[in-house]
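Subject: Two-chain model, handover and findings

Hello,

Here is the structure I promised to pass on. My notes follow below it.

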Amino acid sequence: MKISVTKIDDRCRLKADGEFNIYSAVDFKVQLLVSLTQCRSLEVDVSGVTEIDTAGVQMLILAKREAAQRAVGFRMDAHGGAVGAALKLYNLAGFFEAGV
Amino acid sequence: MDIDLSQARQTFITEARELLQAMENSLLILEKNPRDDDTINTLFRSVHTIKGSSGIVGVDSVERFAHVAENLLSRVRDGEIPVNNAIIELLLECGDHIAELVELAATEAKDVPQDTAGRDAVLLERLGSYLAPSAPAVVRYGSLAASSGDGGALDAAGPPLKTASTDTWHISLRFGKDLLKSGMDPMSFLNYLSRLGDIVSIVTLFDAMPPAQEMDPETCYLGVEMEFKSDFDKKTIEDVFEFIRDDSIIHILPAHSRIDSYIELIKALPEDPALLGEILVKGGALTQVELDEALRVQVDVRDETAANNGTRLIGEILVGRGMVSHKVVDAALEKQKQTRVNKPKEALTIRIDAGRLDALINMVGELVIANANINLHVERLKDAALLESAAIMMRLVEDVRDTTMRIRMVAIGETFSRFNRVVRDISRDFGKEIDLIITGGDTELDKTVIEKIADPLMHLIRNAADHGIETPAERAAVGKPARGLIKLHAFHDAGSIVIETSDDGRGLNRARIIDKAVSSGLISPGQVLTNAEAYLLIFEPGFSTAAEVTKLSGRGVGMDVVRRNIDALRGTVAVQSVEGRGVTVSIRLPLTLAIIDGFMVRVNGSFYVVPLEMVVECVELPDKERRATRAYGYVDLRGAALPYIRLRSFFAEPDEGDRYESIIIVQYGEHKTGLVVDVLHGEVQTVIKSLGAAYKNVRGISGATIMGNGTVALILDVPALVEAAVKHAEESG
């Protein structure tokens, strides 16, 4: 999976493209933690994710939770695409929409 | 394709036999401890596996029958049907019946015999009587206790599952930490469930997820609480989680479960009870009123908007709770895992082809001989570096030899456990009370030896139970405890393995045995016999002093077969008895190994090998004895008289008189004997080669071996030699 980080001022955007699975989870975590230390708001763009498994879902949960913990703004479009379908199965869409 | 199938079928048959034995063992344990959950689970799994495998290889008769038995056991496991003697008896019979079906499948019989079919029908009917539609009840998993501890939550008023209802199942899952690493994914289970019904509501929990630093991306921290609507039965729903059952926490509450069950569930799960309660209400499992009433405690209201508002999204509940409790959750999960029923650790084993193992052992044998050959040459060359390498080589070859030998060794305990059933059945059939105590079950011996000794032992135990142990009334009359005792004990002793069966029953009647022997012409009327010799008469063919012949024993055909089997294994048997107190039968068997460590000796020009494990020490033959040139004699060994045999005389080698000779002292059982030889050569490793039938009656020789230099050495039959010496000593007074 390709992970790209773009930073504008103190806003970070973490874009994931391809298969988000247990193999890419470790990489994602590294990038996530780096972004969280460097930015005041984080947007996670999963529109390019073609497939996601539970390891991937856990990463997204971690992202939202850690952001909230550190008072970093968090935004992710939880609908549509592979990620949307997975979150629907787990009924986690609400979790990602709550708060910002 | 055909070959593969028959191989699989063969594997199934072998495994089925083992599973059936495990099933029997479990049932016998349950007879004494009806509430043993571990055993109930083992029992269920055995039958479940038999059902599954038989289906795969297409043995329909077994699958069909095992399926019904499994249904019954499923109910037993859930606590709906209590374990009692009737059920155990029924299941033992079912096990026997399945065994019969398996054997029929093994012979590939086309037709099922009449009485087997009859038994099949009768047993199915009896099983069926337990399986009449029952009310839904709480399913037990992990640490969730049955609500009232009386073996079930049978709710007589509940509706049968057949009528489709709008009520839902509540399924609670906490996935095992290593689930993802094993290549599985919770999502596939959820997807599969949706094919069996409707996931009406679902809440995903991740309280178990630790802070980012500790969070391992490959570990699964998720749990799920869901309301599931389905017309399928409980078993089908349970089976969805078959592959994760052992490592994940799973609770399934059918529709209309008692409210207590939900409370139990809340208590059993690691998360905050209030949160869980909220989830249950939100999902529709319970109404708020039901929950509050049941809890009868003040719900800890963390947020004012909570219960009154009702519009709080579940997502918000979780965010608020997120990380705080993860340590608590972790600890709770750990504790739950520990207190859960522990799956018996399955020993890691591999099934291999016996033929290949034998081929390997043969090759190792050749390797040993070849290595010995090399060593001869190496010693001759006296090259230091070469000597060292050869020594290392020798050690490696020894290790390979020892390890290979050990592969064939099997603990005798499993064979022993078969006898529990025999004793139990005889006790029941003849109105006796008999306990079987087995010790030394982890004593190991060669697989083929175990297979051949099983039947003789079975016969001895049957005898003890049938003829030895008296009825409770008879025992009481002579002041013995009502329960008779049969002991089965195995242990290693000086290179042999000893198996003892003893009972505290009537004991042997020496007078009656002698009488019978005289009347059968086995001994002459005036013949004097020691007790040991007298008791050994019971092994003569056709010999039986049993007052009555029962269907099991007493016909006199058993004991001589027992004796013959033991002889075939190069073993010996001895009987001790005290009339009125009991009998002990000791079987002594060699640790049959194809390669032995031996001590080589020379007599005249011939080489002989003495099994090293029986060698005690070597001493010089005193002058006095040397000149005597007798076949048998005595020497003074540190104050005790040691009988000896001069092998030169014994094997009729020409006598040359007055030469330097040595004695190698051997021990077999409790007897020590000296063997007088010309030269002591030292330790050797040799491969036993059988001499064949032609040499079977040559006394004193049990086999041959090829030495490193190619010459043949004869292996001495120490037990026979010792026996000869003892006999000679007794006869000459």
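First, a term: buried area is the accessible area, taken with a 1.4 Å probe, that two parts lose on being put together, summed over both. Keep in mind that this is a predicted model.

**The interface**

By that definition, chain B and chain A bury about 2300 Å² between them. Carbon and sulfur atoms carry 72% of that area. On the chain B side, the most area is lost to chain A by B:Met187, B:Ala212 and B:Pro217. Together they account for 25% of what that side buries.

The contact draws on 27 residues of chain B and 26 residues of chain A. What does the rule find in the way of salt bridges across the interface of chain B and chain A? It finds 0. For polar contact, it gives 10 residue pairs, both residues at pLDDT 80 or more.

Three elements of chain B give two or more residues to the side that touches chain A: helix H6 (186-196), strand S2 (198-205) and helix H12 (314-321). H6(B) supplies the largest share, 4 residues. Sorted by class, this side of chain B has 18 nonpolar, 5 polar and 4 charged residues.

**The cores**

In soluble globular proteins, nonpolar side chains tend to be buried together. In this model, the largest nonpolar core holds 65 residues. The members that touch the most others are A:Leu60, A:Met76, A:Phe96 and B:Phe241. Helix H2 of chain A (residues 54-69) gives this core its largest share, 8 residues.

Which residues does B:Phe241 touch, beyond those up to four places away in sequence? They are B:Ile171, B:Leu173, B:Phe189, B:Leu193, B:Ile250 and B:Ile252.

There is also a second, separate core of 45 residues. Its members include B:Ile461, B:Ala490, B:Ala517 and B:Ile587.

**Chain A**

Chain A has 4 helices and 4 strands. From the N terminus, its elements run β-β-α-β-α-β-α-α. The chain has 100 residues, and 51% of them are buried. Take the contacts in chain A between residues at least 6 apart in sequence: 69% join residues at least 24 apart.

One loop residue to look at is A:Asn21, between strand S2 (11-20) and helix H1 (22-38) of chain A. Is A:Asn21 buried or exposed? Its relative accessibility is 16%, so A:Asn21 counts as buried, the cut-off being under 20%.

Best wishes

Conventions
Residues numbered from 1 in each chain as written. Chains lettered and ligands numbered in written order. Predicted model: local features only at pLDDT ≥ 70, side-chain atom pairs only at ≥ 80, totals over all residues. Heavy atoms only, no water. Contact = heavy atoms within 4.5 Å. Salt bridge = Lys/Arg side-chain N within 4 Å of Asp/Glu carboxyl O. Polar contact = N/O pair within 3.5 Å; in protein donor to acceptor, adjacent residues only side chain to side chain. Nonpolar A, V, L, I, M, F, W, Y, C, P; charged D, E, K, R; others polar. Core = buried A, V, L, I, M, F, W, Y, C linked by side-chain atoms within 4.5 Å. Buried < 20%, exposed > 50% of the residue type's maximum accessible area, 1.4 Å probe, protein only.
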